Amino acid sequence: MNAIGFRTCARIALALVAFAACLAQADDKPAVRAWLDRDSMHLGETVTLNVETDDVGATQPDFSELAKDFNVLGTQSGQQVSISNGTRAAKTLWAVGLEPKHEGAITIAPLAVGSARTAPIRLTVLPAPTAAQQAGGDIFLEASADPLDPYVQQQVRYTVKLYFAFDLTDGNLAEPKADGISAQRLGQDKSYVATVGTRRYHVLERHYALTPERSGAIEIPALAFRGTVLDAADPAAFFGRGRTVSARSDAVRLDVRAKPAAWTDGAWLPAASLLLKDEGEPPTEVHVGEPVTRTIRLQAQGLGYEQLPELELAAPQGAEIYPDKADTRTRDDGEWLYGERVRKFAFVPDRAGTLTVPGLSVRWWDTVHDRAETATLPPRTITVLPAAPSAATAGTPASAASPSPANAATPVAPVVDAGLDARLWKTIAATGFVLWIATLFAWWLSRRSTAAPRAEPAPASRAAAPRGQFLRACALGDLAGAERALVDWARSERADVYNLGQLAAQLADASQRDVLDDLQRSRYAGEGVAEGLAARLQRAFRGGLRWRVDDIRAARREDALPALYPERD
């Protein structure tokens, strides 16, 4: 290679390296986020600020600005490396202990981490608890509830805090119990350090969701803690079981309100917030017979899923509706319950035109603003086009050609001649022979229907149930359910069908056999043909099972006509 060629290649290589570096810089910008271990606290307590980035080469952020509102207690850092599917991912985390200097709302400004910046974070600092300041002992227990005047079935956030100034070796904290109250523990316990007066305490914080089941006054009895601590000043403590300590909280009184008089009917839903939405967007245009699925999610903050109403939609004109079983769950974020119901509705239009998928409304009570609200999903309008042409029905015998009428004899004038009588007798003989042939043909048809009778179709009541299950499974995209229902449907018409292979062998329609072949490949060979398969199944079989017309079995075949001249021995 000459010098010019070498320099040209070098320039190209440098350009490629620079281009790759630009792409890496554009596409691999490091991700960074920051969060607090809680967003509300009391003055005198500590909170941890976490800053995380996937840039392992990033230097520690400048936390000096935090000193305006916090006492910075210390910083720890660490790295985490994970490998998934051959891809290596690494993260760096800094944890900073903070103690607020004052009460009120504090905003932590964005922090620079390499070339990225974190989002601002808001922290609410409440006044120091008076009861804790008065306690002054080595261990004490606090219990609080919010709100103290809830509606019946409204969630009450019940918080328990155990303060202790020594190292506990074990302990047991009672659960809240009261008549007319159901309690559910939320999230994981939180542990941190707090200053009460002039003393620093370890704090164990626990949250519960209380649901009052009746109106009126309800008192939650005091909670008790009992534990063991080793006293370093006692030489015998090392060999003994330690010193037993205990603490007791105050009782909490709730004044539970009944449902408002304005609430007359329907499910009572006292929630902090409620969400009613569509999961995905239905199509705007379909063909007759193609399923349309609407998935609806209902979520309420402060309620369990058991308190939420069932999601129901009416069947629209011009379509069949196939509702799926609702998916339900109750989760929590450590302070609130979130009840959820998700349900799918499949609509199969049976006529061309405009299909209006019905909407849904849910009334609920906004406990934050103390007023009734209504969440609404509007109806959806979908254009339904005529059905796509389906495969011609196979196995249908062609219509027998109509016999051609006999050529009309040309009328002639009567002539009297010597052969008149002979021609008359020939005509009579020919007519008699034709009538005899017609009689034999009718007898042959009756013997044919007796020799090879067609299988009678199953009663409609036997086939209707599995056919409806099959169409419902197809509309909901359930291939396994569609397979089971299709085999049951086939067995209701032909008892010798036990699987898809046997069914395909007895079908005359090529489109039905092809879609069954794709179904078996998707279900048992793991081949990627499942997309759109449920809709194809529904289209192929919506007109019924097209059975193959069997030939007359040789074992039961008989001669249609007897021999005109049977052999004689």
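Predicted model: local features only at pLDDT ≥ 70, side-chain atom pairs only at ≥ 80, totals over all residues.

Which residue caps the N-terminal end of α5? The cap is D478, with a side-chain oxygen 3.4 Å from the backbone nitrogen of A480. That distance falls within the limit for a polar contact, which is a pair of N or O atoms within 3.5 Å; within protein, one must be able to donate a hydrogen and the other to accept it, and residues adjacent in sequence count only if both atoms are side-chain atoms.

Residues are numbered from 1 along each chain as its sequence is written, and side-chain values use heavy atoms, with hydrogens and water left out.

The protein has eight helices and 29 strands. Helices (H or I, at least four residues) and strands (E, at least two) are DSSP runs, numbered from the N terminus. Of the 569 residues, 35% are buried; buried means under 20% relative accessible area, exposed over 50%, and partly exposed in between, with a 1.4 Å probe and protein chains only.

Let me return to α5. Buried residues in α5 include L479, L486, V487 and W489.

How many of the nine residues of α8 are buried? In this helix, residues 533-541, seven are buried, so α8 is largely enclosed by the rest of the structure. Among them are L533, L537 and F541.

On a 1 Å grid over the protein atoms alone, a pocket is an open set of points where a 1.4 Å probe fits, with protein on both sides within 12 Å along at least five of seven lines; lining residues have an atom within 4 Å of a point. The lining has 19 residues, of which H42, L126, S144, T159 and K161 lie nearest the centre of the pocket. Strands β2, β10, β11 and β14 each supply at least two lining residues, and β10 gives the most, with five.

The loop between β10 and β11 holds P147, and the peptide bond from D146 to P147 is cis, with omega near 0 degrees. Q153 is found in the loop between β10 and β11 as well; Q153 has a positive phi of about 70 degrees although it is not a glycine. D370 also has a positive phi, near 55 degrees, and lies in the loop between β27 and β28.

G302 and Q155 are 147 residues apart in sequence, yet 5.2 Å apart in space, C-alpha to C-alpha. G302 counts as buried at 4% relative accessibility. T295, in strand β22, is buried with a relative accessible area of 12%.
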